Amino acid sequence: MTPPAARGTSHPDLSAGHLAVYRHLALREFGADLRIGLNLAFYRTFAVPAIARLLVDTGEMTERTRKRADDTGLMMYELIAHGPHHPRGRQVIASLNRIHRVYDITPDEYRYVLGTFVFIPTRWIDRYGPRRLRPHEREATWHFWREVGRLMNVRDVPDTWAGFEQWFNAFEQANFGHDEAATRLIDATRDLLATRFPKALRRWAGAASDALLDEDVRRALGVPAPARTIRIAVRGLLRVNALTRRFQALPPEFFTPGQPTRHYPAGYVLDELGPDPVRPVPRR
């Protein structure tokens, strides 16, 4: 019997082995870390004024915050659980392409958002996970997201991790800046991050989310720098949590396709995910 991670993988750039490795990282060994990292990746896009204004203009993140958060997370984990070439993965890719087609998004912006999914969760794991990612795990991460990008027609992605990270860092340096849209987005979504932290740390999730943003991101989002004592305490708690997890058994997979969520208490079907109808927004 073919294991779930291997089904539907047909493009040579994303092998069954790559998908199996990334699936294990995201759904078991580093499940909690990747959920936080992916949330921080979304926060980071708010620091680019053009992206922040587009997100506010759609109304999805400020007016339907919970549904938008659930739908985005479920789509991402459907892709991770099945692979982008599985029938469910292909349906998600088609939906994402349909949703984004009506918006005025530049190739650089598409490329940057893709990069946040590669680099921000990886940096989180390397700093606060129970161990750093190994080279073959980085390779699997890279191949997974590059294939998702290819299927979403994200053009001119550099051919190597190092090349893409260099481009990513340069884009941030050139494009980060404060916009009122970013403040509206962070105010609407800050509480959602608390649900991604381990239960023992959730009471500090608000402080943690601000304390773990670097200075450039905080400035762009209009978030004041937490006191140094708070930053030290939050980072210490996260590192203690990581050390404890080194000696614990791996958790079971936390994602089940169709599972209930706060917005879908009876479970969901793929056709329910995403805005309906998708509404165009004015060109920027």
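Trainee: Let's start with helix H3, residues 49-58: is H3 mostly covered or mostly open?

Mentor: Mostly covered: 8 of the 10 residues in H3 are buried. Keep in mind that this is a predicted model.

Trainee: Which residues of H3 are the buried ones?

Mentor: First the general idea. An α-helix has 3.6 residues a turn, so residues three or four places apart point the same way. Now the case here: the buried set in H3 is Pro49, Ala50, Ile51, Ala52, Leu54, Leu55, Val56 and Thr58. After H3 comes Gly59, with a positive phi near 80°.

Trainee: How should I read a positive phi?

Mentor: Most residues other than glycine have a negative phi. Now look at the loop between helix H8 (135-151) and H9, where Asn153 sits. Asn153 isn't a glycine, yet its phi is positive, near 60°. Asp156 lies in the loop between H8 and H9 too, and although Asp156 is no glycine, its phi is positive at about 60°.

Trainee: Are Asn153 and Asp156 buried or exposed?

Mentor: Exposed means over 50% relative accessible area. Asn153 has 55%, so it counts as exposed. Asp156 has 63%, so that residue is exposed as well.

Trainee: What about Arg246, where does that residue sit?

Mentor: Arg246 is in the segment after helix H13 (228-245). With a relative accessibility of 54%, Arg246 is exposed because it clears the 50% cut-off. Its side chain reaches the backbone oxygen of Pro130 at 2.7 Å.

Trainee: Zooming out, how many helices and strands does the protein have?

Mentor: There are 13 helices and 0 strands. For contacts, take those in the protein with a separation of 6 or more: 76% of them join residues 24 or more positions apart. As for burial, 52% of the 284 residues count as buried. The accessible surface is about 13600 Å², with 53% of it belonging to carbon and sulfur atoms.

Trainee: Where is confidence lowest, and where is it highest?

Mentor: The lowest is helix H11 (residues 205-211), with a mean pLDDT of 70, and the highest is helix H9 (residues 161-175), at 97. Residues 1-10 have a pLDDT below 50, and that stretch has 18 contacts in the model beyond near neighbours in sequence. Across the protein, the average pLDDT is 86, and 86% of the residues score at least 70.

Methods
Residues numbered from 1 in each chain as written. Heavy atoms only, no water. Helix = DSSP H or I, 4+ residues; strand = E, 2+ residues; numbered from the N terminus. Buried < 20%, exposed > 50% of the residue type's maximum accessible area, 1.4 Å probe, protein only. Polar contact = N/O pair within 3.5 Å; in protein donor to acceptor, adjacent residues only side chain to side chain. Contact = heavy atoms within 4.5 Å. Areas by Shrake-Rupley, 256 points an atom, 1.4 Å probe, with all protein chains shown as cover. pLDDT = per-residue confidence, 0-100.
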